[in-house]
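Me: Could you walk me through this model, one question at a time? I'd like to see how each answer is reached.

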Amino acid sequence: MMFERSPAKIWRNRDVLYRLKYSYCRDCKRSFYPPRGRCIYCGSSNIEHRYSSGRGVVKEFTVVYQTPVGFTDMSPMVIGLIEMEEGFRLLAQIVDVKPEEISNGMKVEAVLRRMIVDGETGLIYYGIKFAPLIEKS
Ligand SMILES: [Zn+2]
């Protein structure tokens, strides 16, 4: 997922970063993320911007044991390819679950979590991650 460490840029992109705003093409009926003014499949500009439910399923995932500087406290980190209910896919971290408990097809939902703490300014940056979906009965 796009991650820009500038408060001004994050504010401008808040709907994309925190609310999973995506694009739906009225011509070819496909969805994609991040949103754009033109369809990435057919090139049409007959685009509608929508907000995702935040729910999806894990299609593939990988476990990263050697995490980069600044993310060592998140090791092991699970990165998943998530297919959202609306049909688009994105890569994101999967949290709140042990790597061995994750499986392809597992239902997940978007949660807002800390991404990184800037050592110089002390600013904490947040972003979307995915956690196992808790079905409400
Ligand atoms: Zn299209």
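**Loops, strands and the core**

Me: In which loop is Asp96 found?
Reply: Residues are numbered from 1 along each chain as its sequence is written. This is a predicted model, so local features need pLDDT of at least 70, side-chain atom pairs count only at pLDDT 80 or more, and totals for chains, interfaces and linings use all residues. Strands (E, at least two residues) and helices (H or I, at least four) are DSSP runs, numbered from the N terminus. Asp96 is found in the loop between strand 6 and strand 7.

Me: Thanks! Is Asp96 buried, partly exposed or exposed?
Reply: The classes come from counting other C-beta atoms, placed from the backbone, within 10 Å of the residue's own: 20 or more is buried, 12 or fewer is exposed, and in between is partly exposed. Asp96 has 13 such neighbours inside 10 Å, so Asp96 counts as partly exposed.

Me: What is the phi of Asp96?
Reply: Asp96 is a residue other than glycine, yet its phi is positive. The value for Asp96 is near 65°.

Me: Which residues does Pro99 touch, leaving out those up to four places away in sequence?
Reply: Pro99 lies in the loop between strand 6 and strand 7, and with 14 other C-beta atoms within 10 Å it is partly exposed. Two residues are in contact if their C-beta atoms, placed from the backbone, lie within 7 Å. By that rule, Pro99 touches Val63, Pro76 and Val78.

Me: Pro76 came up there. What kind of peptide bond joins Ser75 and Pro76?
Reply: Pro76 has its place in the loop between strand 4 (55-64) and strand 5. Omega from Ser75 to Pro76 is about -5°, and the bond is cis.

Me: Which residues are in contact with Ile94, apart from neighbours within four places in sequence?
Reply: Ile94 is among the residues with the most contacts inside the largest core. Setting aside those sequence neighbours, its partners are Val58, Phe61, Val78, Gly80, Ile102, Val108 and Phe130.

Me: What is the strand order of the open sheet of three strands?
Reply: Strands of a sheet pair through backbone hydrogen bonds, either parallel or antiparallel. Two strands pair if DSSP finds at least two bridges between them. In this open sheet of three strands the pairing is antiparallel, and the order is 2-1-3.

Me: Which strands stand at the edges of that sheet?
Reply: Strand 1 pairs with strand 3 over five antiparallel bridges, and Ser23 stands opposite His49 in strand 3. A strand with a single partner has one side left without a neighbour in the sheet, so the edges are strand 2 and strand 3.

Me: Is Cys25 buried or exposed?
Reply: Cys25 lies in strand 1 and touches residues including Cys39, Cys42 and Ile47. There are 21 C-beta neighbours inside 10 Å, so Cys25 counts as buried.

Me: And is Lys29 buried or exposed?
Reply: Lys29 is in the loop between strand 1 (21-25) and strand 2. Its phi is positive, near 65°. With 10 C-beta neighbours inside 10 Å, Lys29 counts as exposed.

Me: One last thing: what is the radius of gyration of the protein?
Reply: The protein has two helices and eight strands. The radius of gyration is taken over C-alpha atoms, and the globule rule is 2.2 Å times the number of residues to the power 0.38. For 137 residues a compact globule would come near 14 Å, which agrees with the protein's value of 16 Å.

Note on methods
Core = buried A, V, L, I, M, F, W, Y, C linked by C-beta atoms within 7 Å.
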